[in-house]
Amino acid sequence: GPVTDPLNHVSRIRFHSDLEYPRVVDVRDGSFTLPAVGSNASYQQTHLLFVHGRGYTPFVEGYINRSGVKIPLSGSVPIIQQSSVPNSTGSGFCRLIHLVATSTQVVIQEYTLASDNAGFGASTLNYRVYVTDTPV
């Protein structure tokens, strides 16, 4: 059964001590600043958080802390966004960030679209990132 032979019953178990799970091998805290962006602009930038020093691209997890609220960096995280209002002449705007690990670095990818608005001021965000021993 699953208790004595977990590898042949992986679909039936949630956890087993014989299976290997990602281990956190490094925790990094810091901050990065999203620069001000003018109106009617499209903007992309990579923000270096740190060099991880692994010989592989590690699986990473993390969060940003905004006003005491921990926001997971899972997928593309909206920092500010508004869609178009139906039947109006205005357009939407958004600022999204995404946590990414490369073979040498951990970075934040920023995507910003400031369409028909006053743009965005600079914003400094605090983060915590967990680096695991699991290559991706």
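Mentor: Let's start with a term: a salt bridge is a side-chain nitrogen of Lys or Arg within 4 Å of a carboxyl oxygen of Asp or Glu. A quick note on what you're looking at: this is a predicted model, where local features need pLDDT of at least 70, side-chain atom pairs count only at pLDDT 80 or more, and totals for chains, interfaces and linings use all residues. Residues are numbered from 1 along each chain as its sequence is written, and side-chain values use heavy atoms, with hydrogens and water left out.

Trainee: Okay, how many salt bridges does the rule give here?

Mentor: The count comes to 4. One of them joins Arg95 and Glu110, with the closest N and O atoms 2.9 Å apart.

Trainee: Which strands do Arg95 and Glu110 lie in?

Mentor: Strands are DSSP runs of E, at least two residues, numbered from the N terminus. Arg95 sits in strand S6 (residues 93-101) and Glu110 in strand S7 (residues 105-114), so the pair ties together parts 15 residues apart in sequence.

Trainee: Are Arg95 and Glu110 buried or exposed?

Mentor: Buried means under 20% relative accessible area, exposed over 50%, and partly exposed in between (1.4 Å probe, protein chains only). Both Arg95 and Glu110 are buried.

Trainee: What about the salt bridge of Arg23 and Asp133?

Mentor: Their side chains meet at 3.0 Å, N to O. Arg23 lies in the segment before strand S1 (24-34) and Asp133 in strand S8 (residues 123-135), so this pair links parts 110 residues apart in sequence. Arg23 is exposed at 51% relative accessibility, while Asp133 is partly exposed at 22%.

Definitions and conventions. Helix = DSSP H or I, 4+ residues; strand = E, 2+ residues; numbered from the N terminus.
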